[in-house]
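Here is a note for a colleague who is meeting this structure for the first time.

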Amino acid sequence: MARLGKVGIVQYDSLLCNSSASYAWATAKQNFLWTKRHGYVLAAYCIQSCRHGLFGTLHPAWCKLVAIAHALKSNRFDTLLYLDSDAVWLDTSVPLDVLADEFLYPGDWEQGSIFFGCNGRFNGSWNFEALNAERGPANSGVMLIKNSRFARDMVWAWWGRPWGHQEEFAHSWGALSDEGYVHRYRHKYRFRNGWEQGMLWHMWADPAIASGLRVLANPRSRECMWAMEGQRRTTPPSPLLHMCSRNRKFREDRLGSI
């Protein structure tokens with residue numbers, strides 16, 4: 001059984017900078033009611049934009065890594081659950097331990113550090129042959145994170161290694177002093193319109209990185225945890241709903257039905 005310790009729930013959205021933004025605050029409110037009931041802490045980050053030292057202003061999806069890195073570095077939490085702003089915990093009476101009990105394999109918590117929701121049938125270029133990739137494609141909108149050196153180093157490597165930062169996975173991109181570094185990484189940053197999930201899938205090919213990563217899945221049914229709206233429900237069902245739609249009215253209506 002995973003020992004979660006002090007739990008923090010992290011959500012980020014530029015819309016959280018605006019008190020009148022409906023769905024982002026609605027999901028945060030639902031998740032706050034859940035955290036309050038179980039003694040967790042909700043850390044809701046308002047970040048208007050994020051700028052990389054080498055690559056300039058990035059797609060807003062990258063800003064989640066800034067929020068996660070800040071929460072990890074604060075040392076307030078032993079465990080983080082990161083949720084995109086369109087992801088919500090469905091039943092406030094159910095603790096986070098249920099997710100850990102249902103969707104971690106024996107030994108996962110001891111050997112891994114970052115555990116992802118599942119991208120379901122949207123598996124595109126996912127390499128099922130890579131280390132720890134056989135459970136299904138990772139979805140970066142839901143992450144269970146054990147606060148460890150591995151997790152902190154991985155998040156910074158994922159972000160793109162700011163100048164002067166030294167971390168365990170420097171070999172993935174080469175030395176910062178290498179002139180080819182900027183070209184290689186810039187190319188990957190533009191992968192799939194610059195979304196951070198594409199970079200994660202690329203990095204997963206490195207066994208040193210993949211060794212600490214897992215996709216959440218039930219060890220009995222061997223089904224990965226599909227939380228996204230419109231996909232078939234897993235057995236057991238995900239305790240989360242990731243609405244993952246660009247239609248704001250749909251998200252607002254869906255929240256109202258919970």
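1. A disulfide is taken here as a pair of cysteine sulfur atoms within 2.5 Å. The model is a predicted one, and a search of the whole structure turns up three such disulfides. When the bonded cysteines are counted along the chain, the pairing pattern reads 1-2, 3-4, 5-6.

2. Cys17 and Cys46 are joined with their sulfur atoms 1.9 Å apart, and the link, with 105° about the S-S bond, is right-handed. Because Cys17 sits in the loop between strand E1 and helix H1, while Cys46 sits in the loop between strand E2 and strand E3, the pair ties together parts that are 29 residues apart in sequence. Cys17 is partly exposed at 28% relative accessibility, and Cys46 is also partly exposed, at 44%.

3. In the disulfide of Cys50 and Cys63 the sulfur atoms lie 2.4 Å apart, and the torsion about the S-S bond is about -95°, so this link is left-handed. Cys50 belongs to the loop between E2 and E3 and Cys63 to helix H2, so that the pair links distant parts of the chain, 13 residues apart. Cys50 counts as buried because its relative accessibility is 5%, and Cys63 is buried at 1%.

4. Cys118 and Cys224 form a disulfide with a sulfur separation of 2.1 Å. This pair links distant parts of the chain, with Cys118 in strand E7 and Cys224 in the loop between strand E9 and strand E10, 106 residues apart. Both Cys118 and Cys224 are buried.

Methods:
Residues are numbered from 1 along each chain as its sequence is written. This is a predicted model: local features need pLDDT of at least 70, side-chain atom pairs count only at pLDDT 80 or more; totals for chains, interfaces and linings use all residues. Side-chain values use heavy atoms; hydrogens and water are left out. Helices (H or I, at least four residues) and strands (E, at least two) are DSSP runs, numbered from the N terminus. Buried means under 20% relative accessible area, exposed over 50%, partly exposed in between (1.4 Å probe, protein chains only).
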